[in-house]
There are 2 protein chains.
Amino acid sequence: MSVIYDRVALIGLGLIASSMALAMKRGGLAGEIVGTARSKETRNAALEIGFCDRVTETAREAVKGADLVVLCVPVGAMGVVAKEIGPHLKAGATVSDVGSVKAAVIEAVAPHLPDDVHFVPGHPLAGTEHSGPHSGFAELFDNRWCLLVPVPGSKPDAVAKLRALWEGIGAHVDEMDPEHHDLVLAVTSHTPHLIAYTMVGVADDLRRVTDGEVIKYSAAGFRDFTRIAASDPTMWRDVFLTNKDATLEILGRFTEELFALQRAIRTGDGDHLHDYFTRTRAIRRGIIEAGQDTAAPDFGRGGGTRK
Amino acid sequence: MSVIYDRVALIGLGLIASSMALAMKRGGLAGEIVGTARSKETRNAALEIGFCDRVTETAREAVKGADLVVLCVPVGAMGVVAKEIGPHLKAGATVSDVGSVKAAVIEAVAPHLPDDVHFVPGHPLAGTEHSGPHSGFAELFDNRWCLLVPVPGSKPDAVAKLRALWEGIGAHVDEMDPEHHDLVLAVTSHTPHLIAYTMVGVADDLRRVTDGEVIKYSAAGFRDFTRIAASDPTMWRDVFLTNKDATLEILGRFTEELFALQRAIRTGDGDHLHDYFTRTRAIRRGIIEAGQDTAAPDFGRGGGTRK
């Protein structure tokens with residue numbers, strides 16, 4: 001592969017930025033990678049690990065002369081960063097982001113960008129429960145999806161170039177409008193995270209079942225929830241505050257369904273439960289076939305199958 | 001290790017029974033393993049895979065002369081099986097089970113057992129989303145917990161012998177009374193499964209987000225729910241019908257907490273969300289430290305860490 005952008009600036013150097021940088025280096029996709037983060041410790045880690053060629057103390061310095069600027073900060077911080085960098089962007093540069101919410105980010109960022117800059121919001125659908133510059137790895141996006149969400153005025157050339165970068169990083173790319181993106185993510189990500197956080201919170205909160213018991217006996221199902229409920233609190237606070245409407249809509253649907261199942265339990269309606277539990281198996285099969293999860297039993301946590 | 005029971009009879013030959021048998025063979029813990037299942041195909045599979053030394057067409061034949069009989073059928077079928085085998089049990093034999101609910105199983109099974117038989121209910125906290133005789137593997141219980149739930153009249157000797165078997169199989173053993181067991185499992189297993197089933201059902205049900213989108217974009221969090229929502233429907237129907245009270249209690253607590261978080265989203269209370277999401281991280285850490293889950297990012301689904 002060959003260089004797609006001569007200079008890439010990453011604003012924020014956590015899990016996503018460090019993984020992007022490592023994947024760009026793996027593919028030789030960027031001439032120079034410049035990074036910045038508010039904490040000195042994080043900036044030093046980026047240099048030490050070597051996923052940035054250069055770091056700067058401020059975002060405005062980082063974007064100088066950059067052909068691509070990617071905002072990798074929590075959704076709630078995007079507007080402030082855009083305001084800071086707006087006047088310092090190179091004419092013809094592309095600005096993108098990796099935020100989990102798109103309508104709110106577009107609303108916060110777009111007004112601060114000059115007319116001679118291309119804005120192409122994005123969202124790679126990949127992550128782990130770990131965060132910070134040490135958590136990144138080049139394979140994070142391999143075979144995952146990255147959604148690009150062009151805004152009115154996004155130039156097709158700029159979109160195509162960013163698509164090529166993400167494909168070089170290892171991802172498949174789809175395009176989507178912001179409202180649909182936010183609804184799809186409310187289903188596939190935001191509501192599941194909130195529910196996982198809630199379930200873990202409930203377990204932690206009960207007086208009659210101790211934390212020790214919850215931890216010891218978690219292999220009975222509970223532990224599957226704890227991975228995503230260990231995700232970065234600031235990032236997730238911002239997601240829920242900025243994708244409020246779609247999340248509340250899906251939560252409403254979830255509560256309806258839960259009440260229907262709860263009623264089936266209360267009234268002893270075994271057929272309803274059995275039918276429901278049979279239907280949900282098919283979705284799992286689809287995810288395995290689409291290569292979006294491992295088919296190994298128990299997520300391959302150890303202990304193989306007999307054969 | 002040496003033989004603990006000369007003859008073990010397994011009634012039902014699915015994931016748990018086949019894994020127990022393979023682990024007993026690994027440890028040389030049983031002189032002979034006899035199995036039975038309603039389907040001829042399953043019985044043949046048990047012989048072919050080799051985890052049973054002998055199969056019988058009926059449960060009453062299987063238990064003849066057995067020193068330990070383990071009921072490995074769905075919770076709702078335990079009573080019927082107990083009634084069938086009761087008159088054919090050897091004097092001094094131990095009867096156990098692996099059901100996920102204990103109070104209801106004890107109520108269904110105990111009345112059918114003669115006085116000269118030891119009843120020691122049990123529940124190994126391990127499993128995968130796969131089911132049937134082909135899904136078993138000897139390592140399933142390694143480093144997991146098995147809860148024994150002695151009933152009034154369970155002889156200490158019989159309990160100690162069953163404990164030794166489970167330890168030989170690879171598990172840690174705790175004892176607990178049936179009501180506490182059912183509450184602990186409602187928290188760590190039953191409610192999480194119901195919630196996972198619900199979330200997957202909601203995603204499958206939305207008109208505005210297609211199944212294809214849910215599947216493609218599942219790596220954003222949703223797929224973690226689908227593993228346990230792919231578990232055996234009959235087994236889980238029976239769990240909810242027989243552990244009704246504890247499940248409904250925990251579901252009530254869950255709904256309360258969910259409504260509180262929903263309200264925080266609606267009113268924009270970021271501090272509440274951030275505090276909640278910070279607290280839940282500690283539980284994950286506890287589970288990793290207790291050796292009950294993998295510390296590898298993303299359940300080690302592939303893609304290593306940077307080093």
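Guide: Across the interface of domain 1 and domain 2 of chain A, eight residue pairs are in polar contact, with both residues of each pair at pLDDT 80 or more. That confidence value matters here, as the model is predicted. On the side of domain 1 of chain A that touches domain 2 of chain A, the residues divide into ten nonpolar, five polar and three charged.

The interface also holds one salt bridge. The side chains of E129(A) and R227(A) meet in a salt bridge, with N to O at 3.1 Å. A salt bridge is counted when a side-chain nitrogen of Lys or Arg is within 4 Å of a carboxyl oxygen of Asp or Glu, so the pair at 3.1 Å passes the rule.

As for the two parts themselves, the domain assignment gives residues 5-177 of chain A to domain 1 and residues 180-289 to domain 2. The contact between them takes 18 residues from domain 1 of chain A and 16 residues from domain 2 of chain A. The C-alpha centres of these two domains lie 30 Å apart.

The size of an interface is often given as the accessible area lost when the parts come together. Between domain 1 of chain A and domain 2 of chain A, the buried area is about 1,300 Å², and carbon and sulfur atoms give 63% of it. Of the area that domain 1 of chain A buries against domain 2 of chain A, 37% is supplied by S100(A), V101(A) and E129(A), more than by any other three residues.

Now to the meeting of the chains. The area buried between chain B and chain A is about 10,900 Å², of which carbon and sulfur atoms give 67%. This contact takes 115 residues from chain B and 115 residues from chain A.

One salt bridge between the chains joins R284(A) and E129(B), with the closest N and O atoms 3.9 Å apart. R284(A) sits in helix α12 (residues 270-289) of chain A, and E129(B) in the loop between β7 (122-124) and β8 of chain B. Another joins D174(A) to K216(B), where the closest N and O atoms are 2.8 Å apart.

There are also 38 residue pairs in polar contact between chain B and chain A, both residues being at pLDDT 80 or more. Among the elements that give two or more residues to the side of chain B that touches chain A are β8 (145-148), α7 (178-205) and α11 of chain B. The largest share of that side, 22 residues, comes from α7(B). The residues of the side of chain B that touches chain A divide into 55 nonpolar, 32 polar and 28 charged.

Helix α11 of chain B covers residues 244-267. Its 24 residues reach 34 Å from first C-alpha to last, close to the 34 Å expected at 1.5 Å a residue. After α11(B) comes G268(B), with a positive phi near 75°.

Technical notes: Residues numbered from 1 in each chain as written. Chains lettered and ligands numbered in written order. Predicted model: local features only at pLDDT ≥ 70, side-chain atom pairs only at ≥ 80, totals over all residues. Heavy atoms only, no water. Domains from an automatic or database assignment. Contact = heavy atoms within 4.5 Å. Buried area = accessible area lost by both parts, 1.4 Å probe. Polar contact = N/O pair within 3.5 Å; in protein donor to acceptor, adjacent residues only side chain to side chain. Nonpolar A, V, L, I, M, F, W, Y, C, P; charged D, E, K, R; others polar. Helix = DSSP H or I, 4+ residues; strand = E, 2+ residues; numbered from the N terminus. Expected span 1.5 Å × (residues − 1).
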